[in-house]
Amino acid sequence: MSFLLPLFPLTVIRKALPSDLHLIISLGRTTFYESFSAANTPEDMALYLDQAYRPDVILAELADPFQAYFLIEWEGEAAGFIKLRERSPLAYFEPDTAVELQRIYVRATHQNQGLGEQLLHFACDFGGQKGISLIWLGVWEKNLAAIRFYERQGFVPFSRHEFMLGNDLQFDVLMQKTL
């Protein structure tokens, strides 16, 4: 099964490979910083980014058969990515019934072009092709624009959980959508 998917003439989504390690790290650090630095301290941002985007962490995720990164390219340039994780560690779901959309980020220079929506549809199609019946995600409770975006896409809140950003305890709204 190939996951190379031309969406619009200028857009392609492709599975990330180990050779994309530095691209994923760069995109992840840049997009996370663009999205959340204004609402968090520089120290907490640095701690989180240094932990979440270490090369050994990303390489292990790329090697894990139950995790996958997919890059979205616009006119040949990487504009964002998603990270999907099967076999959720949350007790809410039976094994093999849900896929987690663990990360979805689009560079600020490419926002408002429909790329986030394309990535979200791709994630839902990915789960559906694997016979998975549900997709879920966590979104920072203060990120109201993202919560509204997911609600427009058919996601509904079902719980919340803790998320450590550096030394700052924050809370994510957990949202799900039946596929």
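In this predicted model, the largest nonpolar core has 30 residues, and those that touch the most other members are Phe 70, Ile 82, Leu 84, Leu 101, Val 139, Tyr 150 and Met 175. Helix α4 provides the largest share of this core, seven residues. At least two core residues also come from each of β3 (67–74), β4, β5, β6, α5 and β8.

The largest pocket is considered next. Its space amounts to about 1,100 Å³. It is lined by 43 residues, and the closest to the pocket centre are Phe 36, Ile 104, Tyr 105, Asn 143 and Tyr 150. Tyr 150 is also one of the core residues that touch the most other members.

Helix α1 holds both Phe 32 and Phe 36, which are four residues apart, about one turn of the helix. Both residues are buried. Ring pairs also link Phe 32 and Phe 36 into a cluster with Tyr 48, Tyr 69, Phe 81, Tyr 105, Trp 140 and Phe 163. Two members of this cluster, Phe 36 and Tyr 105, are listed among the residues closest to the centre of the largest pocket.

Another kind of contact involves a charge and a ring. The charged end of Arg 160 is placed over the ring of Phe 171.

Strand β2 (residues 11–15) includes Thr 11. Thr 11 has 0% relative accessibility and therefore counts as buried. Although Thr 11 and Ile 72 are 61 residues apart along the chain, a distance of 6.9 Å separates their C-alpha atoms.

The distances given for particular residue pairs are collected below.

| Residues | Points compared | Distance |
|---|---|---|
| Arg 160 and Phe 171 | charged end and ring centre | 4.3 Å |
| Thr 11 and Ile 72 | C-alpha atoms | 6.9 Å |

Conventions: Residues numbered from 1 in each chain as written. Predicted model: local features only at pLDDT ≥ 70, side-chain atom pairs only at ≥ 80, totals over all residues. Heavy atoms only, no water. 1 Å grid on protein atoms, 1.4 Å probe; cavity = no way out; pocket = protein on both sides within 12 Å on 5 of 7 lines; lining within 4 Å. Points joined across faces, edges and corners; volume = space filled by probe spheres on them. Buried < 20%, exposed > 50% of the residue type's maximum accessible area, 1.4 Å probe, protein only. Phe/Tyr/Trp six-rings, centres within 6.5 Å; stacked < 30°, edge-to-face > 60°. Lys NZ or Arg CZ within 6 Å of the ring centre and 35° of its normal. Core = buried A, V, L, I, M, F, W, Y, C linked by side-chain atoms within 4.5 Å.
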